[in-house]
Amino acid sequence: MATYGVMPNMTLYLIKEYHMEITTASNVLFMWSSATNFMPLVAALLADSFFGRFYTIGFGSIICFMGMILLWSTTIIPQAKPPPCSNNPICTSVAIPQLVLLCTSFVLISIGAGGIRSSSLAFGADQLENGEFKRKSNLKESYFTWYYASYTLSVLIALTCVVYIQDNVGWGVGFLVPALLMLIGVGSFFLASPFYVKLKCRSSLFTGLVQVVVASFNNRSLELSDGTSNCTWHCTSGSSLDCPSEKLRFLNKACVVRDPETDLTPDGRPKNPWRLCTVDQVEELKSTIKILPIWSTGMIMSINISQTSFPIIQASSMNRQITSNFTIPSASFNTITVISVILWIFLYDRIFLPLASRVTRRPFRISPKTRMGIGIFFSILAMIATSAVEGVRRSRHARSGGSQMSAMWLVPQYCLTGFAEASNVIAQNEFYFLEFPRSMSSVALTMNGIGMSLANLIASFLMNFVDWISKKGGKESWISSDINKGRYDYYYLVLAGLSVANMIYFLVCSSAYGPLKGEKKLEEEQGEVL
C-alpha cells in the first residue's frame, strides 16, 4: 500500500510540479517502473544465495522507507523543485540538482521495493511448509490467489484514499501518508520475527548456473549413451533427483561422474565444480531455459499494463463529477482495474471452481497455462476498447466544441485490464513456482517482475518510436501533450495488434512446452485439469 501510494499520481506530479512534457514524464516513469521491477531479480538472487528471505525483506523495507522520506522532502523544501509557473511569466525547467534529488528517491524506493517484492510471496509460501499446512495439496493455489487479492486490496486503498489526499489536501500530506504506512509495516514485520519460519539459503545460485554451462562445455567431448541408467550422475545428498531429464541432454554432460577417484573428494564433493556439477544444478538451468519462451509472452502482455500515463491524462480530459461536491480523481480510475481483479479472484476461487467440481463430481482446476492464455485474450479486448473509447471521445470533443464526455465510458477498458491481469499474472506466479526447482523459489516469483521491467523499457522504446514516426513531416504526434490533437486511438490499435501477435506466439510456446511438472499426477490424484 505504501509503495503504490506514491506511484498513481506521479504523472501529474511531474507535469505540474516539475514542468515536464507528457513524453518526458512517461519516459521517467517507464525507467522508474523498469528499475522497480528489475530489482527483485537482484534481491532474489541475494535472498536465495546469501541473506535469506527474512533479512532481504527487512533490509528492503528500511531502504524503501528512506526513499519515501526523501520523496516527501521534495514537497516541503521549496528549493527541491522548480518555482510554480503561476509566479513566473515563463516556466522554469527543472535544475540538475533537483532532478538528482528526485531520482535518488526513486532509486531508493526501487531498491527497497525489490527486496520486499522478491521475497514476500515466497516467504509466505515458506510458512506453509510445516505442520498440517503441508498436507493440504490445494492450499498453495489458494494462497497464491488470495495473496494477490490482498495485494490488490492494498492497491485499491492506495488508489482511493491516498490519491484523494494528494488531490485534495496536497502533495506534502499525500506523500507523507505512504511513508508513515511504510514505517508501520517495517515495525510490524520485525516485531513478528519470532513467529516466522526462516529457511536457510544455499550457496550462490547464479554461480551454480554458470558452472553448469562451463562444465558442459569442458565435457563436450563426452559421449552420452541412450537413457540415463548407463551413466553415473553426481547427486546432492538428500535430493529427490537421482538423474537428469532427457530434455536439453547436452547439459547432462556437466553432472556425469567419469572417475569417482579423480572427480570427487573423499566426502563426495566435486574436486573441480567447473568440470562437475550436481543433477540439481543442471535441472535448475534447464528449468530457466525451458520457461523463457512462455515468460516472454507475459512480458509482451505487460507492455499493455504498463501504459499508466495516458489513462490518467485521458480521465483528466473527461467529466469526472459525481455530485456537485465530489469529483473522482483521475488516478483513482485505476481502482476499477483493482476491483475487477478482486472480483475475478472471488468468482474464480469461490464460485466457478466449486461449481465446476460439483458438476464434474471431482476436484476441478484450470491449469496455469490456460489461465495465462485467457489473460492475454482479455488484454487484446482491453486495448481495442481503449482505442474505441478514445476515438469516440476525440470525435465528440471536435463536434461539440470542447464539451466533456462522461468518464464512465472508461469503465469497460479498466474492467478488461483487471480481468487480464488477474487471470494472467496470478497464473504466471503459480506457473513459475511449480516449474522452477524449490531452491529457486524466490527467483521464480520474481520472473513476472523481470518481465514487467523489460516491458517498461520496450514500452518506452515503442512510445518514442511511434512519436518519432507519427510527427514526421511536421505532423502532430500521435502521442501529443495535447490529448485532443494527438491520436492515442491509433497508438492503442498498435498495441492491440501487438497483443494479437503475442496471443499466436503464446499458443505456439504453450504447445511446445508440453505438460507441466506433476500435471498428470495431479490429474490422477485430484481430478480434472483443463
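H3 and H5 are oblique to each other, because they pack at an angle of about 45° and oblique covers whatever is left once under 35 degrees is called roughly parallel, over 145 roughly antiparallel and 65 to 115 roughly perpendicular. H3 spans residues 22-51 and H5 residues 96-126, with their axes 7 Å apart. The crossing of H3 and H5 is right-handed. Where they touch (heavy atoms within 4.5 Å), H3 brings residues including Trp-32, Met-39 and Pro-40, while H5 brings, among them, Phe-106, Gly-114 and Arg-117.

A word on the source: this is a predicted model, where local features need pLDDT of at least 70, side-chain atom pairs count only at pLDDT 80 or more, and totals for chains, interfaces and linings use all residues. Residues are numbered from 1 along each chain as its sequence is written, and side-chain values use heavy atoms, leaving out hydrogens and water.

Now for the rings. The whole structure holds 29 aromatic pairs, meaning Phe, Tyr or Trp (six-membered ring) centres within 6.5 Å. Take Phe-189 and Phe-190: their centres are 5.5 Å apart and their planes sit at 80°, so the pair is edge-to-face (over 60 degrees; under 30 is stacked, the rest tilted). Phe-189 is buried at 11% relative accessible area, whereas Phe-190 is partly exposed at 35% (buried is under 20%, exposed over 50%, partly exposed in between, with a 1.4 Å probe and protein chains only). Ring pairs also link both into a cluster with Phe-54, Tyr-55, Phe-123 and Tyr-196.

Terms used: Axes are lines fitted to C-alpha atoms, for helices over the stretch in contact, and angles run from 0 to 180 degrees between N-to-C directions. Helices (H or I, at least four residues) and strands (E, at least two) are DSSP runs, numbered from the N terminus. A crossing is left-handed if the near helix is turned anticlockwise from the far one by less than a right angle, and right-handed if clockwise.
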